[in-house]
Protein chains: 2
Amino acid sequence: MSDRIYTAALLVIGDEILSGRTQDKNIAQIASWLNIQGIRLAEVRVVADRMEAIGAAVTALAGGNDYLFTTGGIGPTHDDITIDAIAATLGLPVVVHLKARAVLEDYYASRGGLTDARLRMARVPEGATLIENAMSGAPGIRIGNIFILAGVPHIAGLMLEALSGTLPGGKPLISRTVGCWVPESEVADTLAKAERDNEGCQIGSYPFFRDGRVGANFVVRSTEEAALDACIADLNARLAALGYEPVAEGI
Amino acid sequence: MSDRIYTAALLVIGDEILSGRTQDKNIAQIASWLNIQGIRLAEVRVVADRMEAIGAAVTALAGGNDYLFTTGGIGPTHDDITIDAIAATLGLPVVVHLKARAVLEDYYASRGGLTDARLRMARVPEGATLIENAMSGAPGIRIGNIFILAGVPHIAGLMLEALSGTLPGGKPLISRTVGCWVPESEVADTLAKAERDNEGCQIGSYPFFRDGRVGANFVVRSTEEAALDACIADLNARLAALGYEPVAEGI
């Protein structure tokens, strides 16, 4: 396990997210999965189903990170242009992947056969490899450091499962939460000092309003379990010294 | 109401989204609100609580769109750096806004008084105006075409409410949905032709799996009600001609 920090970006492709019609679930899903792989999600972009918008984002994000994941736009319909956009951006021709074609032929054998529209889902940038999709036949696609996943969250999740443990990563980022019934503004200094005194730990403060009361969860993140434990203990002690009752695992 | 298309970008600021801890709700909320204002959400980015990351995104997004909205990072704690990052990017000093200070003094009069940490929430880039927050005192902030909102979704929602109807926009994008129990791959050509034959309309196809069956919702979007109606009628007729039963309002 390396000490180097591996980063990924995520590009969510789809008019349905930008129109507000669909609540995105892939950001949180992929972020959580990446943490377990020891890869830090550094940036997310959401763009429309437009060639130039996809191309510009792919160029910016694939170059600046170890990995780029995309979701959406790999189905059989006219608004599915992710493959064409990524291939154009990389200067690669689009070819039919023979194994993907075979997988689709097999999947659609009992479902009306492989039509032209369905064959679109076997198209890949030349040189790509496949990411297994245990559910609906059409595979995900890897080209270089770009991982092209489905937009439907549970299919994207199956593709992530197929990738689990296969990507070089660093130490997983671990986190623990302390909750407190306190306005975060009353303990802002305390949090800043606790973060400053506990090297290798970050503390995020997430306020909420519930049952007419004000509270906050303080999330401590680190790649080092011992440092994390020490920071949690320190934070608990500081909150208790101020007369608050910290709640383990958060509120 | 102008025929010109107004666009907005959204910048979501926060480690909690990139770590997967928090499911973002602001993208869908702001996208839906923008549609009603006649403003198209063109791009979203999510970045960490880091000055350079925020600055680079603000520069890219504010310049290319009529409006930039940001969420997150305007609270009282050490990880709230949105104001400093945006001011630095714009080359503006950060000053205490007198009205914001008065609002906070009033709000905290019965809640322990205005501490240094709480006073942080009155800091704005010089020249900024305030966006009312009917709930928790701390206002949103407008500087030029940048609208700086809270990260907590229901507070961001209140700030949007305060802005409703105040921003120049074009015709609202309207949409209607037709559902069908059909694999989208079987009607891909039909969808493409319906879109091609109905100018000013876009058709998105969103497949799903439910109760062991495959279906899809086809979302038609347009700024013109008559064109939208005609496209829906056309699509219904094409689906019926193929033997399917389109479901109004989607499945």
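Tutor: Domain bounds here come from an automatic or database domain assignment. On that basis, chain A is divided into domain 1 (6-163) and domain 2 (174-248). Their centres, taken over C-alpha atoms, are separated by 38 Å. This is a predicted model, in which local features need pLDDT of at least 70, side-chain atom pairs count only at pLDDT 80 or more, and totals for chains, interfaces and linings use all residues. Residues are numbered from 1 along each chain as its sequence is written, chains are lettered from A and ligands numbered from 1 in the order in which they are written, and side-chain values use heavy atoms, with hydrogens and water left out.

Now the helix. Helices (H or I, at least four residues) and strands (E, at least two) are DSSP runs, numbered from the N terminus. Helix H3 of chain A covers residues 51-64. Its expected span is 1.5 Å times one less than its number of residues. For 14 residues that gives 20 Å, and the end C-alpha atoms are 20 Å apart, so the two agree.

Which residues of H3(A) are buried? Buried means under 20% relative accessible area, exposed over 50%, and partly exposed in between (1.4 Å probe, protein chains only). The buried residues are A:Ala53, A:Ile54, A:Gly55, A:Ala57, A:Val58, A:Leu61 and A:Ala62. They pack against strands E1 (6-13), E2 (39-47), E3 (67-71) and E8 (146-149), and against helix H4 (82-90), of chain A.

Contact means heavy atoms within 4.5 Å. Leaving aside neighbours within four places in sequence, A:Phe69 is in contact with residues including A:Leu10, A:Leu11, A:Trp33, A:Phe147 and A:Leu149. A nonpolar core is a set of buried Ala, Val, Leu, Ile, Met, Phe, Trp, Tyr and Cys residues joined through side-chain atoms within 4.5 Å. The largest such core has 101 residues, and A:Leu11, A:Phe69, B:Leu11 and B:Phe69 touch the most other members.

Two further residues make a contrast. A:Pro139 is in the loop between strand E6 (129-131) and strand E7 (140-143) of chain A. A:Pro139 is buried, at a relative accessible area of 6%. Beyond its neighbours within four places in sequence, its contacts include A:Ile74, A:Ala100, A:Met121 and A:Met159. A:Asp106 is in helix H5 (residues 98-108) of chain A. At 62% relative accessibility, A:Asp106 counts as exposed. Its C-alpha atom is 8.3 Å from that of A:Gly137, 31 residues apart along the chain.

Step back to the chain. Chain A has 9 helices and 12 strands. Its C-alpha trace spans about 70 × 40 × 35 Å along its principal axes. Of its 251 residues, 53% count as buried. For "domain: MoaB/Mog" (unreviewed entry), UniProt lists residues 9-170 of chain A; the end C-alpha atoms of that span lie 16 Å apart. UniProt positions are given in the numbering used here, feature names are shortened, and annotations may be inferred rather than shown by experiment.

Last, the pair. Copies are superposed by least squares on the C-alpha atoms of residues with pLDDT of at least 70 in both. A rotation of 180° with 0.0 Å of shift along its axis superposes chain A on chain B (RMSD 0.0 Å). That is the relation of a two-fold axis. Of the residues of chain A, A:Arg45 comes closest to this axis, at 2.1 Å (C-alpha).
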